[in-house]
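Work through the exercises below with the sequence and the model at hand. Try each task before reading its solution.

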Amino acid sequence: MNALPSEHRRLRIGDAWRDATSGATFAVEDPATGKTIAEVADAGVDDGLAALDAAAKAQAQWAATPPRRRSEVLTATYRALTERSEEIARLITLEMGKPLAEARAEVAYGAEFFRWFAEEAVRVEGRYSTAPHGGYRILTVPKPVGPCVFVTPWNFPLAMGARKIAPALAAGCTTITKPAALTPLTMLLLARIMEEAGVPPGVVNVVTTRRAGEVVSALLADGRTRKLSFTGSTEVGRVLLRQAADKVLRTSMELGGNAALIVCADADLDVAVEGAMVAKMRNIGESCIAANRIYVEEPVREEFTARFAARMGALSMGHGLDDGVNVGALIDEDAVERIDELVADAVERGARVLVGGERPDGPGHFYPPTVLVDVPEKARMLKAEIFGPVAPILPFTSDDEVMARANDTEYGLVGYVFTRDLQRALRFTEGLDTGMLGVNRGLISDPSAPFGGVKQSGIGKEGSHEGILEYLELTYAAIDLP
């Protein structure tokens, strides 16, 4: 990968691909080998503000671009992503570690945001109505918010950017994206693809940096920035919210999770085991919507546990580009050490490991699929976001009990329930404090559905019709008709 085109290593600002002002670069590594695959530009504050200059300069013209034209650009991006799926997927696997099959699925998922919001771009509507007491008319006009700053995570380096950029462009906003320093290459490739699809200069800017705090802070302190969207940890989200408050910025936050997956005694166990595997192991468990705690009703606990543990133990671990690999490398050494510490803490408190539980020797950042039982409530992994291939299984005996335990967390992103009883499913839907719920399925992400959480899992929604509303302001005009 040292032959990566130069644009994969440089900043996209305005109409140019350019080096950082300081000339600094940083290394991007393959997490499966620890080897450097590219050096990319390491932007400073001046580079970030240059990107904002470009976005602010392009804002009026992009806002005035006919919605149909904006739609065509997004459609062209969707088609290019689909046609170049294999190239993009291999790059995702190289810099992030996930198996190639999952990287392909991410490309398909990310591309769908461009198709969905290409359709939404031409359906932004205001209204015209008579005031209730007559005499004048009420006109509402939706307008783009303005230049947007996006801070995206490393775990879905294409899809998380697509989920923000597509609705912003559909609404008529310009953008500056700061991708995670661990996985910047995919976002830089997306910017190139969008340029080729006809996105005008200054509409999509990408700033790669290891100095995220100072660069993003400078962007948020500048009055030309009008919107911040962040996907990442709740801890960092709190910091960004405080900074955004100084300029009263519009914000969208998709933050941490601690998802409970609940298997009821009346569930179809084939469906429940398969759903739990997807909810736990998608993206190697490095997902905010991953099942963090698996609660199984006592009558089926032993059978579910045995079947789930067998499935987890049969997974193949290795480099994501190798054939037959189900579990790739975790993102970095810190991720492996953190998970190892969570497992050790649980075991010290009395938990038993059924599968996995010991990190392998050799290069790369690997941790095996792991299943634990007899996990005490004080174990750290039940409160923390595990973010890896580790599954604690816990028993329950009543719906009220398991709902109380599931809700006993600061997070409220997603939950999962497996039951064949419709009334029971509806009680869980209303009783669980989550923004999303998977009922008899372990995959809930869909560009046509509103993605987002409650409590300290975030603010706002991404995807669906609601997703474009996050990038629109509403002007109201009272029109006198004497």
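**Exercise 1.** Which residues in α7 meet which residues in α8?

Solution. Start with the ground rules: the model is predicted, so local features need pLDDT of at least 70 and side-chain atom pairs count only at pLDDT 80 or more, while totals for chains, interfaces and linings use all residues. Residues are numbered from 1 along each chain as its sequence is written, and side-chain values use heavy atoms, with hydrogens and water left out.

Step 1. Helices (H or I, at least four residues) and strands (E, at least two) are DSSP runs, numbered from the N terminus. Helix α7 covers residues 212-221 and helix α8 covers residues 234-245.

Step 2. Look for contacts, meaning heavy atoms within 4.5 Å. On the α7 side these involve V216, S217 and L220, and on the α8 side L240, Q243 and A244.

Step 3. Sort these residues by type. Ala, Val, Leu, Ile, Met, Phe, Trp, Tyr, Cys and Pro count as nonpolar, Asp, Glu, Lys and Arg as charged, and the others, Gly among them, as polar. The contact of α7 with α8 then has four nonpolar residues, two polar and no charged.

**Exercise 2.** Describe how α7 and α8 are placed relative to each other.

Solution. Step 1. Two packed helices are described by the angle between their axes and the distance between the axes. Axes are lines fitted to C-alpha atoms, for helices over the stretch in contact, and angles run from 0 to 180 degrees between N-to-C directions. For α7 and α8 the angle is about 30° and the axes are 9 Å apart.

Step 1. Name the arrangement. Angles under 35 degrees count as roughly parallel, over 145 as roughly antiparallel, 65 to 115 as roughly perpendicular and the rest as oblique. α7 and α8 are therefore roughly parallel.

Step 2. A crossing is left-handed if the near helix is turned anticlockwise from the far one by less than a right angle, and right-handed if clockwise. The crossing of α7 and α8 is right-handed.

**Exercise 3.** Are α3 and α4 roughly parallel or oblique to each other?

Solution. Step 1. Helix α3 (residues 85-96) and helix α4 (residues 100-120) cross at roughly 120°, and their axes come within 8 Å.

Step 1. The two helices are therefore oblique to each other. Their crossing is right-handed.

Step 2. List the contact residues: α3 supplies S85, E86, I88, A89, R90, I92 and T93, and α4 supplies L100, A103, R104, E106 and V107. By type, six are nonpolar, two polar and four charged.

**Exercise 4.** Is E106 buried or exposed, and what does its side chain contact?

Solution. Step 1. Buried means under 20% relative accessible area, exposed over 50%, partly exposed in between (1.4 Å probe, protein chains only). E106, in helix α4, has 3% relative accessibility and so counts as buried.

Step 1. A polar contact is a pair of N or O atoms within 3.5 Å; within protein, one must be able to donate a hydrogen and the other to accept it, and residues adjacent in sequence count only if both atoms are side-chain atoms. A polar atom of the E106 side chain lies 2.8 Å from the backbone nitrogen of L158.

Step 2. Beyond its neighbours within four places in sequence, E106 touches residues including I92, K98, N155 and F156.

**Exercise 5.** Which side chain makes a polar contact with the side chain of K164?

Solution. Step 1. K164 sits in helix α5 (residues 159-171). With 0% relative accessibility, K164 is buried.

Step 1. The partner is the side chain of E462, at 2.9 Å.

**Exercise 6.** Which backbone nitrogens lie 2.8 Å and 3.2 Å from a polar atom of the side chain of S457?

Solution. Step 1. S457 belongs to the loop between β18 and β19. Its relative accessible area is 0%, so S457 is buried.

Step 1. The backbone nitrogen of G412 lies 2.8 Å from a polar atom of the S457 side chain, and that of L413 lies 3.2 Å from one.

Step 2. Compare sequence and space: S457 and G412 are 45 residues apart in sequence, and their C-alpha atoms are 5.4 Å apart.
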